[in-house]
Amino acid sequence: MKQRGCSTWRPLRGWVAAVPLLVLLTSGAYAQIRYSISEEGKEGTVVGDAAKDLGLDKNTLKDRNFRIVSGSTEPLFLVNQNDGILYVKRKVDREEVCGRSSTCLINLKTVLENPLEIHYVAVEVVDVNDHSPAFSEKETNLEISESAVTGARFQLQAARDADSGQFSIQQYKLSHSEHFRVEVKDRGDDRKIPFLVLQKQLDRETSVKHKLLLTAVDGGKPAKSGTIEVNVEVLDVNDNSPTFTKDVYSVTLSENTPVGATVAQVNATDSDEGLNGEVIYLFGKEVDSNIMDLFGLNQETGEITIKGKIDFEDNQAYEIDIRASDKGAAPLTTDKSVFIKVIDVNDNAPEIEVTSYSNSIPEDSRIGTTVALISVNDLDSGPNGKVICFLNDFSPFALATSMQDRMYSIVTQASLDRENQAQYDVRISCKDSGEPALSSENTITVAVSDVNDNRPEFSQSPYTFYVTEANEPGTSVFSVKAFDRDENDNAVISYHILRDGSEGNKLISFLNINTDNGDIMALKSFDFETLKTFQFQVVATDSGTPSLSSNVTVNVFILDQNDNAPVILYPVSSNGSAEGVEEIPRNVNAGHLVTKVRAYDADIGYNGWLLFSLQQVTDHSLFGLDRYTGQIRTLRSFTETDEAEHKLVILVKDNGNVSLSATATVIVKLVEPKEAFAASDVKSATKDNEENNVTFYLMITLGSVSTLFLISIIALIAMQCSKTTDYTSKYLQDTNYDGTLCHSIQYRSGDKRYMLVGPRMSIGSTIVPGSHANTLVLPDRRRASGEVRL
């Protein structure tokens with residue numbers, strides 16, 4: 001039967017007289033039960049069902065590591081983690097464990113983890129009569145003077161019995177004798193001293209020796225006994241025994257008194273003369289050997305001195321039997337007890353024992369979570385043994401007292417963050433109240449385990465990358481990187497591109513990302529002429545449970561490279577080659593415009609800036625080429641001796657780091673003025689038709705571009721008004737738009753004027769007809785041309 005708050009004893013069927021007593025100390029956190037067993041129980045003997053009596057769930061004992069916490073010595077008891085049964089591990093010898101104490105109580109600490117709990121189990125070892133009384137010698141000799149008076153008492157050697165209580169020595173018996181009888185003096189603690197009492201006057205002439213048998217009997221059933229032979233020798237008359245000057249000798253002694261210090265001095269006198277009156281001092285026969293190791297006695301002076309270390313924690317008081325004996329032929333003796341009380345001094349520092357603690361605690365643990373259980377003990381007594389404990393370091397932990405004396409628990413008092421500090425060295429200090437105070441310290445290391453409470457963080461936000469067009473497909477073009485302040489799986493990051501399937505994200509399908517390191521590969525080459533910029537989002541996800549993620553915007557700008565060669569627009573022959581024939585009259589003057597080579601380059605900037613040069617000419621003195629406009633003019637008037645036909649090869653190249661070029665061939669024929677006028681009429685008609693067609697197409701183009709330009713301006717104004725704080729998109733977001741507003745261009749061809757609208761125009765630049773506003777040709781700075789500048 002188990003009852004809270006009181007003790008109820010019951011035998012456990014089939015077990016060794018084990019009786020549980022449950023005392024509830026706190027609300028389920030600590031409990032104590034008490035069992036009783038007989039000593040000499042065999043190994044494996046069941047003591048009690050500890051789990052049941054403590055109210056524990058047996059199914060969780062093994063997972064919670066239910067165990068007995070013991071010191072450095074081999075434990076006497078073990079608990080079975082499967083069923084919670086407490087049993088004897090090795091044979092229990094009450095005399096070995098508790099000595100001669102009246103009550104032998106073994107206190108056990110049982111601990112469970114997750115959560116931490118500690119329970120106390122007390123096992124009382126009941127004595128059995130397994131020892132017989134025994135004397136240290138087989139016989140003893142006693143000398144008694146024949147003048148000894150009736151009733152004289154002589155102390156005999158006492159027997160020893162390792163058992164206690166009722167199984168210790170209960171009585172002494174003396175073999176039949178008409179001269180002697182035995183009396184017993186009870187000194188407590190199962191110590192009974194036999195005395196031989198003279199009940200009839202001795203007569204040496206009648207009997208010189210008396211042989212007696214002294215028997216010590218214990219209280220067992222059946223009783224056990226031990227004997228010693230007492231040989232009494234009758235001596236001649238020495239009729240005065242020494243007499244002590246004090247009735248009681250009682251002194252106090254501080255522990256740790258140095259060796260050699262005098263404790264007390266006894267003094268006895270004898271009224272006899274000669275040797276019968278000279279007194280010497282001896283230890284009584286009942287003085288234990290350990291007392292003689294601690295104290296010394298001067299036989300001549302009776303001075304008691306210290307021989308060994310006096311420790312209050314070992315013994316708080318001593319009773320020493322001193323015998324005063326004369327030196328007569330039949331010496332007479334008198335016994336006296338000296339009582340020594342040991343005074344405690346503060347010579348023991350508190351002992352700190354970490355009963356159980358968690359090596360690691362999650363960083364999201366709630367405030368008040370128990371980390372460790374601490375028990376403190378001080379062997380001193382009184383104020384010297386009163387202990388106060390505290391934590392020395394500032395940390396998120398606190399020391400909480402429990403209802404169990406000198407028991408503490410370390411609990412969390414603040415939130416933990418592994419990313420700020422992953423480990424704490426908690427230092428516990430305990431100090432007693434002695435003068436001077438003694439203290440002890442103990443340090444436990446508490447690791448903070450990680451939980452997934454941090455999202456991945458990108459090293460930049462947003463990312464901006466510049467990629468040169470015509471990149472090699474399948475190779476890494478750029479990389480993103482994120483880090484996570486967590487650890488282990490919580491910090492393992494995987495990457496993926498956010499694909500929402502919208503129209504603007506179709507280009508993302510040509511991108512692939514390495515999920516492990518964030519390297520981004522392009523599965524196709526970029527072309528600056530079709531795509532100048534785009535953006536997408538990358539998501540970084542950790543491997544925690546549940547996982548956390550974050551995303552970042554990646555802006556990609558395509559950089560132009562010189563991958564387009566110049567294209568000749570004029571002259572172009574009927575078969576598509578860059579060749580043309582120009583006829584001019586012989587009578588033209590210097591500076592006459594023969595023709596103009598027109599070309600364009602799909603690249604932009606320096607890669608699309610074209611320069612013209614003469615590679616081959618029949619007569620360098622006749623024709624000159626404008627480096628920037630491509631105009632071919634006469635340098636002088638023609639003479640009769642000049643050739644009628646001249647071949648000019650013009651090289652057109654761009655300004656890229658590695659220039660690309662194209663060539664055009666112009667055949668200039670000199671004709672008589674009349675022939676020139678006739679040819680001019682034919683060409684004029686043809687050019688009128690061509691120019692009419694060009695004019696029509698240009699008007700359609702101009703109207704479309706103007707309309708789109710107006711719509712774009714209106715949309716841009718609306719966006720600026722609605723997003724006054726967003727300056728990241730100043731222009732229309734078009735994949736082919738390079739961020740430059742359109743400009744109008746005027747040019748003249750023949751006697752007609754045209755105007756085109758296109759991107760990336762610079763003030764003072766001219767546009768070549770048919771170039772689709774992609775190729776700019778700078779005006780001739782040396783002379784005025786027929787072109788109209790912007």
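Lys 524 lies over the face of Phe 510, at 4.3 Å from the ring centre. This is a predicted model.

Now to rings beside rings. A pair of aromatic rings is described by the distance of the centres and the angle of the planes. How many aromatic pairs does a search of the whole structure find? The search finds twelve. Two of them, from the twelve, are set out here.

| Pair | Centre to centre | Between the planes | Type |
|---|---|---|---|
| Phe 465 and Phe 478 | 4.5 Å | 10 degrees | stacked |
| Phe 623 and Phe 638 | 6.1 Å | 55 degrees | tilted |

Take Phe 465 and Phe 478. Their pair links distant parts of the chain, with the partners 13 residues apart. Phe 465 belongs to strand S34, residues 463–468. Phe 478 belongs to strand S35, residues 476–479. The cut-off for buried is under 20%.

Next come Phe 623 and Phe 638. This pair also links distant parts of the chain, and its partners are 15 residues apart. Phe 623 is in strand S47, residues 623–625. Phe 638 is in a loop, between strand S48 (631–634) and strand S49 (645–653). Phe 623 is buried, because its relative accessible area is 2%. Phe 638 has 11% relative accessibility, so it counts as buried.

Ser 476 has 44% relative accessibility, so it counts as partly exposed.

Which residues does Ser 476 touch, leaving aside its neighbours within four places in sequence? Ser 476 is in contact with Asp 519, Ile 520 and Met 521. Leu 523 gives another view of the fold around Ser 476. In sequence, Ser 476 and Leu 523 are 47 residues apart. In space, they are 9.4 Å apart, C-alpha to C-alpha.

Note on methods
Residues numbered from 1 in each chain as written. Predicted model: local features only at pLDDT ≥ 70, side-chain atom pairs only at ≥ 80, totals over all residues. Heavy atoms only, no water. Phe/Tyr/Trp six-rings, centres within 6.5 Å; stacked < 30°, edge-to-face > 60°. Helix = DSSP H or I, 4+ residues; strand = E, 2+ residues; numbered from the N terminus. Buried < 20%, exposed > 50% of the residue type's maximum accessible area, 1.4 Å probe, protein only. Lys NZ or Arg CZ within 6 Å of the ring centre and 35° of its normal. Contact = heavy atoms within 4.5 Å.
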